[in-house]
Amino acid sequence: MHALIVVANPNPKSLTHRVAEQIADGVSLNGQYNTTEIADLAAEKFDPSYTLEDVDVLQGKANPTPEILAEQRRIGRADALVLVHPVYWWSFPALLKGWIDRVFTNGWAYDDTSSDRLIKKLRYLPVHIISIAGAGIRTYARHGYYGAMKTQINHGIFDYCGAPVKTSELMFQSDPESCLKTAHNIGQKIFATQVERIVDESRLTKTDRLSCESGVRPRRFDYV
Ligand SMILES: Cc1cc2nc3c(=O)[nH]c(=O)nc-3n(C[C@H](O)[C@H](O)[C@H](O)COP(=O)(O)O)c2cc1C
């Protein structure tokens, strides 16, 4: 199983990056054949600005650019998408929001070209969202900020595309050791239930079973 861990923080020494590393470590520890890729959007210089070319893609007049296709392909290779981000203004940092804006295109993440029906195209993709807060829990509780974030992000973005949000965790910068420990536990659990599901899956093909035995990760489109 393969986890794509997307990180949006320009500081490689930040708590955000350390949390992402702990998640990757937990994923690897949980299964011999588990793999991870950390997509460091800042280091990769992903451009979050929505462009005229993106408008053309939205309107069905052009195909996504190679940069966007590459992002969609690496999500397509993943069995789980993990987003690790600091809270900026009670939401995603612009870098991560722009990544969603540009990569989760109409036709790939969802299809709303038909006027009467929205097609959710990411039902296969479990999502884990780890948000790191500078403010304390009381501030979040007093203003309802975390509820607002979950409505906007979990429901507004991922449910719109059909992607099930399996983890939604708000961590507090004030207790970094607890953040790192929780991150490691989350990493260990990411594929725990999915492995059971695949092993119990009565519809597995013979190729899938051989793949499992040989340690080659079965692809979801191998299911009959
Ligand atoms: C531009 C900016 C906006 C921020 N807005 C918030 C906010 O709305 N709520 C909050 O709890 N923390 C906010 N913070 C604090 C960050 O969330 C906090 O510094 C970060 O999670 C610490 O982790 P790091 O070491 O990974 O950067 C903000 C920080 C910056 C730089």
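Modeller: Among contacts in the protein with a separation of 6 or more, 77% join residues 24 or more positions apart. The model is a predicted one. Its secondary structure comes to 9 helices and 7 strands. The protein has 224 residues, and 28% of them count as buried.

Now to the helix. Take α7, which runs over residues 176-189. It has 14 residues. From first C-alpha to last, α7 reaches 20 Å, close to the 20 Å expected at 1.5 Å a residue. Four names make up its buried set: Cys 179, Ala 183, Ile 186 and Gly 187. Look down the axis of α7: these buried residues fall within an arc of 100°, so they line one face of the helix. An α-helix has 3.6 residues a turn, so residues three or four places apart point the same way.

What does the buried side meet? The buried residues of α7 pack against α1 (15-30), β6 (127-133) and β7 (165-172). Turn to the face away from that buried side. There α7 carries the exposed residues Glu 177, Ser 178 and Lys 181.

The ligand is surrounded by 15 residues. The closest are Ser 14, Thr 16, Pro 86, Gly 134 and Ala 135. The elements giving two or more residues to this shell are α1 and β6. By type, the shell divides into 9 nonpolar residues, 6 polar and no charged.

Key
Residues are numbered from 1 along each chain as its sequence is written. This is a predicted model: local features need pLDDT of at least 70, side-chain atom pairs count only at pLDDT 80 or more; totals for chains, interfaces and linings use all residues. The expected span of a helix is 1.5 Å times one less than its number of residues. A residue is buried if 20 or more other C-beta atoms lie within 10 Å of its own, exposed if 12 or fewer, and partly exposed in between; C-beta atoms are placed from the backbone. The arc is that of the directions from the helix axis to the C-beta atoms. Two residues are in contact if their C-beta atoms, placed from the backbone, lie within 7 Å. A residue is near a molecule or strand if its C-beta atom, placed from the backbone, lies within 6 Å of it. Ala, Val, Leu, Ile, Met, Phe, Trp, Tyr, Cys and Pro count as nonpolar, Asp, Glu, Lys and Arg as charged, and the others, Gly among them, as polar.
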